[in-house]
Amino acid sequence: NAGVTQTPKFRILKIGQSMTLQCTQDMNHNYMYWYRQDPGMGLKLIYYSVGAGITDKGEVPNGYNVSRSTTEDFPLRLELAAPSQTSVYFCASSYLGTYGYTFGSGTRLTVV
Amino acid sequence: KQEVTQIPAALSVPEGENLVLNCSFTDSAIYNLQWFRQDPGKGLTSLLLIQSSQREQTSGRLNASLDKSSGRSTLYIAASQPGDSATYLCAVKGNSGNTPLVFGKGTRLSVIA
């Protein structure tokens with residue numbers, strides 16, 4: 001059972017480039033989340049989804065987009081990357097949103 | 001807006017010592033509270049989940065307590081080991097609708113052999 005899988009693990013982007021962070025889970029969880037973690041700042045919610053076709057903004061959604069076409073996948077799209085998006089990105093999933101969260105291992109993104 | 005605070009931000013203890021990590025939250029209308037461990041450069045591993053109706057949860061040398069009315073939780077680690085060195089994060093889920101987890105900034109623990 002793989003749990004939550006994130007790819008890539010590391011990426012360096014130039015300012016203005018775009019990329020998609022992939023997240024997939026095999027636990028049939030309906031709720032999925034994207035967080036970013038900056039040093040000393042804790043985790044901040046970017047976007048979340050309560051099921052296929054349904055997404056909603058979190059605390060820091062600007063500069064990001066998401067889609068949820070299947071239960072398993074929840075990709076995060078960065079358009080026009082900026083240095084402020086340098087961070088570690090974590091994807092997580094939960095059953096019904098009321099049970100414990102399972103996190104992926106993260107994607108470390110640097111924008112230069 | 002829910003805010004979660006963890007004190008202290010960093011803690012260094014000698015091996016074998018018992019220790020307590022603190023977490024406080026501003027809105028007591030929570031559904032559950034979860035403690036995570038994060039090793040440097042790694043993801044988050046769930047340690048304990050306490051539902052709002054529960055007072056504590058135990059797993060091995062770890063014991064987490066919850067006092068919802070006062071907005072506090074503690075994580076007690078018994079007989080600490082160097083392998084316990086990590087950052088410990090507290091997160092709460094609110095009662096209303098689809099409210100996601102809100103995280104504290106964590107306590108960085110170092111256990112010295």
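**The interface of chain A and chain B, and a sheet in chain A**

Across the interface of chain A and chain B, five residue pairs are in polar contact, with both residues of each pair at pLDDT 80 or more. The structure is a predicted model, and every value below is computed from it. On the side of chain A that touches chain B, β4 (31–37) and β5 (43–51) of chain A each supply at least two residues. Sorted by class, this side of chain A comprises twelve nonpolar, eight polar and two charged residues.

Chain A brings 22 residues to the contact and chain B brings 21 residues. Between the two chains, about 1,500 Å² of area is buried, and carbon and sulfur atoms give 59% of this area. In chain A, the residues that lose the most area to chain B are A:T98, A:Y101 and A:F103, which together account for 31% of what that side buries. The interface also holds one salt bridge. This salt bridge joins B:K1 to A:E59, with the closest N and O atoms 3.4 Å apart.

Turning to the fold of chain A, four strands form an open sheet in the order β1-β3-β8-β7, with antiparallel pairing. β1 (4–7) and β7 (64–66) of chain A each have a single partner strand and stand at the edges, so one side of each is left without a neighbour in the sheet. On average, neighbouring strands of this sheet are turned by 20° against each other, direction ignored. Within the sheet, β3 (residues 19–25) and β8 (residues 76–78) of chain A pair in the antiparallel sense over three bridges. Here A:T20 stands opposite A:R77 in β8 of chain A.

Terms used: Residues numbered from 1 in each chain as written. Chains lettered and ligands numbered in written order. Predicted model: local features only at pLDDT ≥ 70, side-chain atom pairs only at ≥ 80, totals over all residues. Heavy atoms only, no water. Contact = heavy atoms within 4.5 Å. Buried area = accessible area lost by both parts, 1.4 Å probe. Salt bridge = Lys/Arg side-chain N within 4 Å of Asp/Glu carboxyl O. Polar contact = N/O pair within 3.5 Å; in protein donor to acceptor, adjacent residues only side chain to side chain. Nonpolar A, V, L, I, M, F, W, Y, C, P; charged D, E, K, R; others polar. Pairing = 2+ DSSP bridges. Axes fitted to C-alpha atoms, helices over the stretch in contact; angles between N-to-C directions.
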